[in-house]
Amino acid sequence: MISRTQLQRLLARQRRNDRIFQIVAAIGVLIALITLGALIVDALIDGVPRLSWKFLTSYLSRFPAEAGIFAALLGSMYVIALTALISVPLGVGAAIYLEEYTNRSSRISRIIEINVANLAGVPSIIYGILGLGLFVRIMRLDKSLLAGALTLALLVLPIVIISAREAIRSVPPSIREAAYALGASRWQAISHHVLPMAFPGILTGVILAISRAVGETAPLIMIGALMFVTHPPEGLLKPFTVLPIQIYNWVDRPQKEFLTNAAAGIVVLLAVTLLLNALAIFLRNRYQTQYS
Amino acid sequence: MPGLQGVLVHAVQDAPPTDASLGLYKMNCQTVLRILGIKHLFGGIFRWKRGEWFIMFMKFRWFGTLALLLSVFYSGCGDDSLLVEVDGSSTVYPITEAVAEEFQKENPTFRVTVGISGTGGGFKQFGRGETDVTNASRPIKPSEVELCKKNGIEYIELPVAFDGLAITVNPENDWVDYMTVAELKKLWEPEAQGKILYWNQIRPDWPSKKISLAGPGPDSGSYDYFTKAVCGEEGASRGDFIASENDNVLVQAVARDDYTLGVFGLAYYEANREILKLVPIDDGKMDNGDGAIAPSLETVKNATYQPLSRPIFIYVSKQSADRPEVEKFVEFYLQQAKTLTEEAEYIPLPEETYQLILRRFQNRVTGSVFGGKGSTLGVSIDDVLRGDIN
């Protein structure tokens, strides 16, 4: 038997523990928020005064006041579009195969699953080394737009596969069964029903993967894209530059004015990433449906 | 198209029953596609229901594939002939960058890219024939000569400016008035690693504070040159110091700590004068002036700042030089070098020297004046001139 006072003490202790845990969790959130806030405010204070239409539309220059990010901005867009074109068909294809065509509990599919998850955690510089060896050297693509996009496509492929698998898995089996019952073949069931239903989920995953690729620097520096390039890429096999590399390059300069340029570049990059993320959230909310 | 019909019915049935979806249900497939096409024109993409995306995708997939193939084909066929690729030393980069910018302003159809991989990294690519021109802050080394020979690359060596390696400390450091080359050697030689850790180990009346060092990283030509000049052999150096191929990192290291000694290009000192203090260097020889001499535009130019001043180069592949855009770029480089070198805070060669170097390029004189031996000490403008005349 526990007495009334003992019970009260126990309850009080549990309430206190509750409070402590709540505070610890809140601190966790606060640290993340403050870091993000400080980062954004710092970049905004330094960068916003430098932002102008001219900054967005001028080419690179050695004079800080004349330098713009047009080439880098367009380069980023090209790289991102190409990366998506390469990684989405491959990633979604792999996800369909893994979810719809293999026995999920088989040993091989488990091994593949673990490996894909591991690949998603490999540091990006490793992909850069792979890209340098495979695309730049062996395939002789040189430091071109295509080599950069292929490297980034490899980098985001695991993310695309994982999110596409999740989206496909969330389509209830009853839909497939209904299709089969009406005489649909496997591919018909997938292409007419599963894919359209999973489409918003896949799209969200793709956009998140893409917004990661927008900010990647290390693998591109590894394949040798750290260059003075004044013009946007003029072909798949032409040299290119992207926003993060431009920022990296400017931070390196001895002149302090370039740091302001870098801050302005960061603001633009943040805006691009935020836009992509907002698009992902918007699409998710727009097309999300509950199955019951 | 029964497949599309299936998707459509499915899409409509699963979507919330709004007026639009009920309307869609009543229309036949062809009409829907037509309307979707019009919607697409008006940018109504975000009003689409789930599934309609997919219809658009299915409808345009062949078109999209065709367009993609065509664009790949088109861009793959684009001619590379107007591109000049430059890579190499970060020390020479500011000059080459300025030249590239001005060159492209005058010749808008030409493209020049300039990379930063360090002198060693630059020569590796140059020797494989991946670049047309490479920036170098020291003459070509035997191993690099070998690589060029193996791949049949003939190179034209063109000095473009002079640079001094500056020894700097923090402005708070009031005890260092000058240093001798012997003291620098004692501090940087391989045997110093883990042993020479305090300022008073170099000179007894200096404070017994821990010294920290910042210098060029092993992939840079400055590292090769500095170790050769101070320790007598390329690459002979202690390893326990802040090493970076990026001179700005070194500037920051010195500016933030009272007890750090830094080594980097003079141009980077000039750009950060107010946060650094320059250390004059005494090489212990009389012929280039007595006592300790601080690097400046003047002392590097008249070769009294020794042994840490050196010529910097570009190397042009002879095969590439036959392409008109490379030829034009290099000629432009040598014509503009004097102005642009000064602007980038480096020390230009005399006007006549640039004329001689231009002639050297026009005559396509290959090989290195330095015999392909790498870093060479005590090279003055006279030596460069003589090399060109021979």
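Predicted model: local features only at pLDDT ≥ 70, side-chain atom pairs only at ≥ 80, totals over all residues.
On the side of domain 1 of chain A that touches domain 2 of chain A, the residues divide into three nonpolar, one polar and two charged.

Chain A is divided into domain 1, covering 4-50, and domain 2, covering 56-287. Contact between them draws on six residues from domain 1 of chain A and ten residues from domain 2 of chain A. Taken over C-alpha atoms, the centres of the two domains are separated by 33 Å. About 590 Å² of area is buried between these domains, and carbon and sulfur atoms give 72% of that area. Within domain 1 of chain A, the residues that lose the most area to domain 2 of chain A are Ala43(A), Asp46(A) and Arg50(A), which together account for 69% of what that side buries.

Turning to chain B, Thr168(B) belongs to strand β4, which spans residues 155-169. Thr168(B) has a relative accessible area of 0% and is therefore classed as buried, the cut-off being under 20%. Leaving aside residues up to four places away in sequence, Thr168(B) touches Val254(B), Thr260(B), Leu261(B), Gly262(B), Phe264(B), Tyr269(B), Leu276(B), Lys277(B), Leu278(B) and Val279(B).

Methods:
Residues numbered from 1 in each chain as written. Chains lettered and ligands numbered in written order. Heavy atoms only, no water. Domains from an automatic or database assignment. Contact = heavy atoms within 4.5 Å. Buried area = accessible area lost by both parts, 1.4 Å probe. Nonpolar A, V, L, I, M, F, W, Y, C, P; charged D, E, K, R; others polar. Helix = DSSP H or I, 4+ residues; strand = E, 2+ residues; numbered from the N terminus. Buried < 20%, exposed > 50% of the residue type's maximum accessible area, 1.4 Å probe, protein only.
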